[in-house]
Amino acid sequence: MTPTTLTSFTPVLASLVSLLAVLPIVYFGRKPNLREGFTFLAGFIKLGLVLSMLPIILAGNTIEYTLWEIVPNLSIAFRVDSFGMIFALVASSLWIVTSLYSVGYMRGLKEHSQTRFYSFFAISLSATIGVAFSANLLTLYLFYEMLSLATYPLVTHHQDKEARTGGRTYLTYLLSTSIGFVLPALIFIFLKTGSSMDFTSGGFLSGHIGASEALVLLLLFTFGFAKAGLMPFHSWLPGAMVAPTPVSALLHAVAVVKVGAFCIIRVYTGVFGIDFLSNLDLGTMITWIAAFTIITSSLIALTQDNLKRRLAFSTVGQLAYIILGVALLTPYGLTGSMMHIAMHAFGKITLFFCAGAIFQATGKKYISEMVGIGKRMPITMIAFFIGSMSVVGLPFAGGFWSKFYLLWGTVSDGQHFMLIVLLISSLLNAAYFFPIVFKAFFCKPEESLFENKIQEAHPCAVIALSLTALGSIFLLSIRI
Amino acid sequence: MIEQSPAFILLAPFFTAIFIALVGIRFRWICFPLVLISLTLSVIASVCTLFRVLDEGTLRYFLGGWAPPFGIEFRIDGLNALVAIVITVVALITGIYSRQRVLAETPDKVSQFYTLYLLLVAGLVGMVITGDAFNLYVLLEISSLTSYGLIAMGPKRATLATFKYIIMGTIGASFYLLGVGYLYIKTGSLNMLDIHEQLVANNLLGSQSVMVAFIMITIGVWIKMAFFPLHSWLPNAYAFAPTTTSSLLAPLVTKVMIYVMIRMMLTVFGVEYTFIQLDWSNIVIWMSVIAILSGSVMALAQTDLRKMLAFLIIAEVGYMVGGVWLADQSGMIGAIYHIISDAFMTLCVFLFAGIVFAKTGNRNINAVEGMFKKMPLTMMAFIVGAFSLIGIPPTCGFFSKWYLIQGGINSGHWEFVIALLLSSLINAILFFRIIEIAYFGANPAEGHGHHHTEEPKRSEASPSMLIPLLCTAALLLAIGIFNDPIIRIITDFVVATGLR
Amino acid sequence: MLTAIVVGVSTLGVGLAVTQKLYREFGSIEENEILEKITSGK
């Protein structure tokens, strides 16, 4: 069967449904159960819409929909292909789990302004799916900016001084890079090609720009999408950890950071084209930057005592894996990157859920205070163990596959140095995760800071984190 | 009836102004409805005119049936039809908004206020639709004189600001008049199109006096639009004027002067002369770069909300002057589109500032503390305006920047591109500073706070102030999302002038 | 010609009126004194 292009409104609807859900969420702000009911309803409709497109995509087709021409020759347009599909699936399924978790977490802590929280959460998801299904650079940019701004009230939810500082860092990094780097690059490309800037599988820049312009544009995009957290534009991520944990979990392990990585992959493959980049030999430089980020962030993560900050630096490193994979410019590297988006999402969200559950149940934020916690919260800590295995890349969880492909990508390209970087970093990952689990379960009784009574967090939170942990294991059985 | 639509745009507010001056003192209640009716008529007339321009091409309307070069001619093409709509719509929105503020701030001068208000609108609209260089001067002075009066109605410090404005404004207008005088000596005509034809036909474009005329007119207009080194009259005048006055003046006066500059450059002197023969683009663009950056930086230094916004206007004027002088099609489209979008952006933030002042009586930016809880709708509208000034899609500010940056890249003026991007970032800082104060409070709690303070009561401003603000915010989005038809009209105009 | 004179006269009129208002409000028309009053009187 030849690949065909279908026209359908479904991708637009899939993006918009959570935006529309904001109305009932705000309207029923005083009735929490009804309000959360709408969040779940929107979540399931969204997932259903995404799933309904899955068979079409699996058959090798693409779905397109052009909303309208916003600037002559440029339109707001949606397009669903396999890569966007993977990302949309991950984001929309994890939204439901996260909503479940948020109910447990936010009610457990009796947080204020929960209506605002759920509204902006829904808006952020709209933007995320919008990014996943964007057909051209302008649409992508639009949703990218929308996501930055919609997540600001979530990051600064506590409205205290710490939140203000975190929020400032967050916006400074994200807005200055997107307005300062991406926007001019966007306009430059539009001028040079005069095209509609649609992502095409071989890229559309080749033949329009020279080598030096390509280099500058590549750097502008790579650093401009600062959501991907490539050093030196990474420090917004630890700063944004002031947010409530469900936000950190979904947005900073999944939606926001992965949107950055997704955008970079999209630009490399759909705008520049892998062949164009490898002809100019531009990938090497990016791999070095990524390798530097991987090692440095892992080392920083080792020194962090605040669990969420350690997870944040771990995320910085894992994102650089994705960039490294795509910058190898080999098919295996690219597959590894795309898979890593999904695998790391499930692993990292589990870890964040656990961190939040620990905080909600015991009020502990620091790793040194968690000695012996396994006796008190066994389910949580087992899930934590599974999540960390997935992130490290041991062959018991989904993370194994993506790391496997990434390693294969380096080997097939003869990049032995990068192979070593990946291996060292995996060791470092193990070094900063496993001691936490080890000390939680296997400490001497006199060292333990907790009594031997099982007392888990809010049941909603426990169910959610078990689901994602199981998901991580389940992903092992998926083969691409 | 429809043939008379260009005249209606001007005459509806003009005659109502006179009528209010006569009867308004005795019947105060009559002022407000009359203002609304006349401005609505004016809006309808300008929309009709735009559609006629789209149908028939450039309109020539002879007032009283006297043909030029003796009579007064209104010449309306795509450009001024659009600007006329902007003026009348802004005036109508501010008119609705004025209802309460006028009674609160100048209770004993209601009829005088509205007389001047309508005369000002008539003057601005007249400047835009007239096809006669001298008439433009007269209308310029009508609008200036009325705006002096309106600003002087403000509290104490406004008087001094007005005095400065009178001096600067008169100097500016005299420069303009001198320039027109030179042109009259050389060509013997005051009609814009006629002047241009005479200049070309008699081969006068190389003449020194024409160059002097060009310089005089340009400097005069620059003073009036507060282009950077000549801006000193603006911030205080707009910051201390009564709220309604500054909401009307801030969006319109500078933009109308930009229009006059474009009209003079493109229609009277012609693209050939301004951009190719004179070739001063480099200098003017550097000046506009300085204007953009210094306007933004000075805005950062302000603690008075309206003064901060006033300095932003100076930066925005830099955008437009730079865009026009890029001598590039996209740059010109961007500058003209920015006239429209900036008018509404400025209106939006000034209306917001007015509401804050009305609610708290405080000029300082700290007055917005806790506004998200107290006035969520107001803040939502403000955020749309702020995002538009920062340039976030899909608000209209994004698209004007889009074209301006395109023009900058096309013509190779990278300094202009960088200035635009930097100013966007500074705007982001400026507005997020306000949003932060509104969201966190001026002094947020220390530590990991789950503060459950008493929810402050919701108290939005009265509908007569809130609805105009919300309408403006909706317009910002609409102009952005549906920018295509507007851009088409502008492109047709720019292409017709021969600019490439 | 006549119009320009009318405009000039009316500008002068407005200018004088504002000066008078300045004098009423600040008790002076010396710029230095007024500025002093503004800076000190805040």
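**Figure 1. Who touches whom among the chains.** Of the two pairs of chains in contact, A and B share the most contacts; a contact here means that the C-beta atoms of two residues, placed from the backbone, lie within 7 Å. Chains A and C do not touch, and their nearest C-alpha atoms are 31 Å apart. Bear in mind that this is a predicted model: local features need pLDDT of at least 70, side-chain atom pairs count only at pLDDT 80 or more, and totals for chains, interfaces and linings use all residues. For finding your way around, residues are numbered from 1 along each chain as its sequence is written, while chains are lettered from A and ligands numbered from 1 in the order in which they are written.

**Figure 2. Where chain A meets chain B.** Here 25 residues of chain A are in contact with 30 residues of chain B. On the chain A side, the elements giving two or more residues are β2, α5 (137-155) and α6 (161-193). Helices (H or I, at least four residues) and strands (E, at least two) are DSSP runs, numbered from the N terminus. The largest share of this side, 12 residues, comes from α6(A). By residue type, the chain A side divides into 13 nonpolar, five polar and seven charged.

**Figure 3. Where chain B meets chain C.** On this side of chain B, 15 residues are in contact with 14 residues of chain C. Two or more residues each come from α5 (133-152) and α6 (156-187) of chain B, and α6(B) gives the largest share, with nine residues. The chain B side is made up of eight nonpolar, four polar and three charged residues.

Figure 4. Three strands of chain A make an open sheet, in the order β1-β2-β3 and with mixed pairing; strands pair if DSSP finds at least two bridges between them. At the edges sit β1 (5-7) and β3 (74-80) of chain A, each pairing on one side only. Neighbouring strands in this sheet are turned by 35 degrees against each other on average, direction ignored. Strand β2 (residues 62-71) of chain A runs antiparallel to β3(A), and seven bridges join the two. To find one of these bridges, look for E64(A), whose partner in β3(A) is R79(A). Helix α1 (residues 10-27) of chain A lies across β2 and β3 of chain A, at about 75 degrees to β2(A). Axes are lines fitted to C-alpha atoms, for helices over the stretch in contact, and angles run from 0 to 180 degrees between N-to-C directions.

**Figure 5. The strand pair of chain B.** Strand β1 (residues 59-62) of chain B and β2(B) run antiparallel, joined by four bridges. Across this pair, F62(B) stands opposite E73(B) in β2(B). In a regular strand the side chains alternate between the two faces of the sheet. Strand β2 (residues 73-76) of chain B is covered on both faces: E73(B) and R75(B) on one side, and F74(B) and I76(B) on the other, are all buried. Buried means that 20 or more other C-beta atoms lie within 10 Å of a residue's own; a residue with 12 or fewer is exposed, and one in between is partly exposed.

**Figure 6. Inside the largest nonpolar core.** This core has 398 residues, and the members touching the most others are A91(A), I264(A), I323(A), I87(B) and C348(B). A nonpolar core is a set of buried Ala, Val, Leu, Ile, Met, Phe, Trp, Tyr and Cys residues joined through C-beta atoms within 7 Å. Zoom in on I87(B): not counting residues up to four places away in sequence, I87(B) touches V121(B), L124(B), V125(B), V128(B), L252(B) and V256(B).

**Figure 7. Around V392 of chain A.** V392(A) lies in helix α15 (residues 378-392) of chain A. It counts as buried because 23 C-beta neighbours lie inside 10 Å. Leaving aside neighbours within four places in sequence, V392(A) is in contact with G399(A), S426(A), N429(A), A430(A) and F433(A). K403(A) is 11 residues away from V392(A) in sequence and 8.6 Å away in space, C-alpha to C-alpha.

How values were computed:
Ala, Val, Leu, Ile, Met, Phe, Trp, Tyr, Cys and Pro count as nonpolar, Asp, Glu, Lys and Arg as charged, and the others, Gly among them, as polar.
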